[in-house]
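This report describes strand pairing, side-chain contacts and aromatic rings in one structure. The sequence and the model come first.

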Amino acid sequence: MKKIITKDDVKHISDLARINLTEKELMKFSSEFVEILDAFRIIDEVDVKDVEPSFHPLNIRNVFRDDNVKIFSADDILSNAKKKEKGFILGPKVG
Amino acid sequence: MKVKIGLEIHVQLNTKSKLFCSCSTNSENSKPNKNICPTCMGLPGSKPALNKEALKKAMRLALALNCSFPKAIFFSRKSYFYPDMPKNFQITQYEIPIGKNGSYQLKNKKIGIWRVHIEEDPGKLIHKGGTIKTAQNVLIDYNRAGIPLCEIVTAPDFSSIEEVKEFLSGLISTLEHLRIYDPLNGSIRSDINISIMGGSRVEVKNVNGIKAVEHAIKYELSRQKNMVKIGKKIKMETRHFDADMGTTVSLRTKETEEDYGYIFEPDLTWIDLTKEFISDIKKNMPELPKEREKRFLKQYKISRSEASVICMNFRLAELFERVAKQVDAKLASKWLRTVLIGVLAYKNLSLRTAHIDEKKLIKALKLLESGEITEKTCKELIIKLVNGEKFDPANYVVEKRLKKVADKKELEKVIKDALKENKKAVSDYKSGQKEAIHYLAGQVMKKTGGRAEMRIVMERLKELLNSI
Amino acid sequence: MKYNLSVKEFLEKRKNGEIDYNDFYSTFLTNLKRKNKELRALRVISHSQKGDLNKGKLYGLPISVKDNICVKGVESCAGSKILEGYIPPFDASCISNVKKNSGAIIGKTNQDEFGFGTFSTNSGFDIPLNPLDKTRVAGGSSGGSAAIVAGLDMPHVSLGESTGGSISCPSAFCSVVGLTPTYGLVSRYGLIDYANSLDKIGVIGKTVYDTALLLSIIAGHDEKDFTTINKKAEDYTNYCGPDVPKKIKLGVPKEYFSDDIDKRIRDEVWNSIHYLESIGIDYEECSLKMTRYALPAYYIIAMAESSTNLAKFCGLRYGLQADPTENFNNYFSKIRSKGFGEEAKRRIILGTFARMSGFRDAYYLRAMKVRTLVIDEYKRLFKKYYALISPTMPIFPPKIKDVKKISPIQCYMSDILTVPPNLAGMPMISVPSSVPSVGIHIVADHLQEGRIIKIAYLLENRC
C-alpha cells in the first residue's frame, strides 16, 4: 500500500473526479490525507483470509422486476433542466 | 501480412422495458426525452430495478456462444464523465460477466468469445451545428439511456475482413433466432481492435451497424499498411469512425488516462444462477441457426449449402418453412433463396424492409409448381409483389394470358414453325455459330407470347437442330 | 401555550374531533416560523403538502423531513448548493407512506451536505443551532431535524437519515429520541444517496412512542428499492409499555467506555445501566474487538460509494447549472468545484482514491471484508445479549466557532460509537439521559426494533 500520497497524486485524483482544487486546497488536502490514510491503515492488521466481502449488511438476494412498461410524465423531469432546445437538453461540447 | 482483429459488439436487447426501469424501449417515438423517468435520468433519489427478461435473454446468448456461467452475479459501477451519461457511471458487469470463455465456430476456424455481459446504454448526443470536433454544444436525448445492451467481447482471433463478415452475419442470425434482438428497433454498435504485423493495437470506437464494421476495418487496415510502408510507427490509440467519409479519425488525446474506479452496485442484489434457473433457460432455448440447418437437411432434403444460406437469414428461414408447408421444399428453396432475395437486393430492399404479401407469393409459386406458368412469368409475379402491387396472381395470369404453353403438341408445332421460318439461323447454327440457337428460341418465345418454358424450348431446339 | 401537546395527545384529540385543525395548523406554522428564525433548523417551510386528513393514522400530524429525502414539488438539496433549485418530480416512498396516512409535510431540515459531517456545520445553507445552547452544534448530519424536534413545543416528528450515526448523534446532542432502523427496513427510494449500502431513513421525535409510531408507517418492503426486506408490517408502538422483559441480559461493550469518552458521559450511562438493573434487567460486560477497525472500514466504503453517487452532479439536467459554453470536462469541473463544499470535495477525492486500480483491493475490497467480520462479531454477541447499551457520543456538542479547529480525522473519530452498528446495519436508538446532550445508545440485532424500543421506553419512563 502506498505510504505517501503526494500533491501530484491529489491533483491526479481530483482531475479524475472533475474537481478543480486551488493550490491552497491541494496543499491542505494532501497533508490531511496523509493523516487520514494513516489512521485508516489500521485495517491492514485484520486477518481477512477466506473472508467474503459483504456488499450489504443483510443477505438480500434474487430481486427482479418483470418486463412491463410504465409511463412517467417526462415534462416534470425536464422542467429541472435550464438549458433546453427543441426537447433536447443543451450540453457542453465534447470535441 | 499478419492481421489481428478483435471485436466488442454491443447489441440492444429487445425487451419491452429498459434494463433498470420500466420506460419503453420503443424507438419509434422519435421525439427526444419522452421515454424517460427518474431512474434512467439518474435523478437524485432514484434507484435501479433489474429487468428479469433482460437477464434471461443475455443468458440465452451466453449459452448459444458456449459460455460458462458463474454461480452468482453482482453488477458493477463503471465511473466516467460524459454528457450522455445520466449518472456519470454506468451499471455494468465488470468482475462477474454473465458468461465467459465461449466460442463461435466459423467454417474454417473457431473464434474465442472472452465474455458476454449486460450493461445499460447511455443517451444519444447530437453535435449541434457541426461534427464531434467542431460543434459548440451537444444536444442530448436520454430516450436511449438505460436500454439493455448485451456486450460480446471476442478474442483477437480474426485475421481477415471475410472472417469478420462471416462471424457478424452468423451472429445476427443467432441473435434473431434467439428472439433477443429486433433489427428494426435495436442497434448493433462495435468497437474494433486492429493490429497488423504484431504492431500496436488501434481501437476504432462506436461503429454503427454491420456494413460500417466492414468499411472501418478496410480503411484502418489500409491506413496502417500505408503507415508501415512509409516507415512510420503505428500509435496505440483510440480512433473514431466517420461513417460519412468512410475514414477513421484520431480522437483528441486525453490528458489523464481514464480509471473507471469500479465498485459493486449497492442498489442491486446478488443473483444466484441456480441449476434450476439455468435449466429453465436451456429448456426454453429457441432453435439455433446451426441446429436448424441440420434439421432442414433431414426434413426438407435440400443441400447443405442451401440450408446454410437460408439459415443465415432469420426471416428467410421463417418464410421458407411457412412456404415449404404448401409448396415443394426444393422449389421453395430455389425461388426464395435466389430469386426473391435477388429481386429484393436489386431494389435495395430486404425481407425486413419490404412488405410482401405472403399468401400471394405462395400462390405464385403454386402456379409454377403445377406447371401453369413459366419461370419467367413467376419471376414477373414476384417482382410485382416486391413492388407492393395489389393483384391476385391467378387472375393476373388469366387476364394477361400468361398461362404456359404446356401442351406438348402445340409447343412442338411452334418450334418446328420457327425452324422453318428461320432457315438462315438454322444454317448458321449448323455451320458452327451456336449462339444462333438463342435467336431461334427468341422467335419461339415471340410466337408463344413468352409463355413457353425456356428450358424446354432450348432442349427441344437442340434436339431438333442436331437431328437436321 | 395552546397545543403544547405530545404527539399521542394530539392524535387522541384529533380522533375525538377535539381539535380545530385549521386553527392548529396556522398556529403551528406561526410557531414554526418563529422558532426557525432562532434555530435555522429548516431550509424551507412548505405548507401545501397536507393531503386528505381523514385517511390513516396521523390525522394531519406535522412532519419535517431531512433535506436529502425527496418530497415532490418541494426543493430538495441534501444540504448542498449543487442541488439548489432541484424540484423532485416524485415523492420518496417513505413520504408517500406518510402522506397516505395523512401526515402533513411541513418542510425540509438543514443538514451536513449529503450527510458528510457530525455537526451539521458542513451545510451548504444554514447551520442549525442546538436549542439547549444556541452557541453549540445540534449534531449531524440530521442536525436540523433534531433541533426543530427539540426546540418546538408542539406535536411534530421528523424524518432523518443515518449513514454512520447521523440520527443518533444529533438526537443525543439535542436530547431527543432518534431511531435508526435495520438497514433495508425502510425504503431508500427517494433518498438522495450518501452511501447506498449504509444509508437508512429513520425517525427523530420527542418520545420513544413518536419514533415507534412513524417507524410503523414508513417501514416495509418496496419494489422500487431492491434492498428492502420482505417483512410483515408491525405496529412498533406495541413495545411502548411498562412491562419488563424477563431473564434478559444487556451487553456493555468495554470498548465503548474507554478513557477517550468523556467521563461525565460514561457516568451518566452507567446510572442508566444500574437503573435497568434495579428493575430486573441484568447486564454483563462484553467486548467488541472489531470496534477500532469498524471506523476506517466504514469511511472507506462510505467514501467510495458516495464518490460515485456524487458524480451525477455536473451542472446538467437539474440543480446548479450554467451556460454550457466550454468543453464538457471544464464545464463539469467548474460547476462541481463551485457547488460542492470542502468536506464533499475531500470525501469525493478520498473515495475516488479508495477505488482506483492499484488501491481498490487494499482499501475498498478489504473494508468490505472487515464489514463481514464486524457483522459476525455483533451476531455472536446477540446470541447472548438482548441488546447492547453504551453512550451515543464520546463528547459533548462543541461550540460552533470551535468546529473549524477540529481536524477532519478528529471529526471522523467522534463517530466512533455510532459507526460500528451503522456499518453492520443494526437497529439502534438514542434516548436522552438526565444530563443534557448525553444520549444513551441501545443497539440490537437485525430486525429487533422491538427490543431497542422496549429498553428505550423503560429508560425514558424511569421513575
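In what order do the eight strands of the open sheet in chain B lie? The order is E5-E6-E9-E1-E10-E11-E12-E13, with mixed pairing.

## Basis

This is a predicted model, in which local features need pLDDT of at least 70, side-chain atom pairs count only at pLDDT 80 or more, and totals for chains, interfaces and linings use all residues. Residues are numbered from 1 along each chain as its sequence is written, chains are lettered from A and ligands numbered from 1 in the order in which they are written, and side-chain values use heavy atoms, with hydrogens and water left out.

Helices (H or I, at least four residues) and strands (E, at least two) are DSSP runs, numbered from the N terminus. Two strands pair if DSSP finds at least two bridges between them.

## The eight-stranded sheet of chain B

Strand E5 (99-105) and strand E13 (247-250) of chain B are the edges of this sheet; each has a single partner strand, so one side of each has no neighbour in the sheet. Neighbouring strands are turned by 25 degrees against each other on average, direction ignored. Axes here are lines fitted to C-alpha atoms, for helices over the stretch in contact, and angles run from 0 to 180 degrees between N-to-C directions. Helix H2 (residues 161-177) of chain B lies across strands E1 (3-12), E5, E6, E9 (148-154) and E10 (188-196) of chain B, and runs at about 20 degrees to E1(B).

Six bridges join E5(B) to strand E6 (residues 110-120) of chain B in the antiparallel sense. B:Ser103 belongs to strand E5 of chain B, and its bridge partner in E6(B) is B:Gly112. B:Ser103 is buried at 14% relative accessibility (buried is under 20% relative accessible area, exposed over 50%, partly exposed in between; 1.4 Å probe, protein chains only). Leaving aside neighbours within four places in sequence, B:Ser103 is in contact (heavy atoms within 4.5 Å) with B:Leu65, B:Asn66, B:Lys110, B:Ile111 and B:Ile113.

Three strands of chain B form an open antiparallel sheet in the order E4-E3-E14. Strand E4 (89-92) and strand E14 (263-264) of chain B are the edge strands, each pairing on one side only. Strand E3 (residues 76-79) of chain B is antiparallel to E14(B) over two bridges, and B:Ser76 has B:Phe264 as its bridge partner in E14(B). Helix H8 (residues 291-309) of chain C packs on this sheet, where it touches E3, E4 and E14 of chain B; its direction makes about 60 degrees with that of E3(B).

## Strand E12 of chain C

Four of the five residues of strand E12 (residues 428-432) of chain C are buried, so the strand is largely enclosed by the rest of the structure. Strand E7 (residues 177-180) of chain C pairs with E12(C) in the antiparallel sense over three bridges, and C:Thr180 stands opposite C:Met428.

E12(C) also runs antiparallel to strand E13 (residues 439-443) of chain C, joined by five bridges. The bridge partner of C:Ser430 in E13(C) is C:His441. These two strands form a hairpin with six residues between them, and C:Ser437 in the turn has a positive phi of about 70 degrees.

## Aromatic rings

Rings of Phe, Tyr and Trp (its six-membered ring) pair if their centres lie within 6.5 Å; planes under 30 degrees apart are stacked, over 60 edge-to-face and the rest tilted. The count is 41 aromatic pairs over all chains. The rings of A:Phe64 and B:Phe277 are edge-to-face, with centres 6.4 Å apart and planes at 85 degrees. A:Phe64 lies in the loop between helix H2 (23-40) and helix H3 (74-78) of chain A, and B:Phe277 in helix H4 (residues 275-283) of chain B, so the pair joins two chains. A:Phe64 is partly exposed at 23% relative accessible area, whereas B:Phe277 is buried at 13%.

C:Tyr378 and C:Phe382 are stacked, at 5.9 Å centre to centre and 15 degrees between the planes. They are four residues apart in helix H11 (residues 361-384) of chain C, and therefore separated by about one helical turn.

## Cysteines

The structure holds zero disulfides over all chains (a disulfide is a pair of cysteine sulfur atoms within 2.5 Å). The sulfur of B:Cys23 has its closest cysteine sulfur in B:Cys37, at 3.7 Å, too far for a bond. B:Cys23 is buried, with a relative accessible area of 3%.
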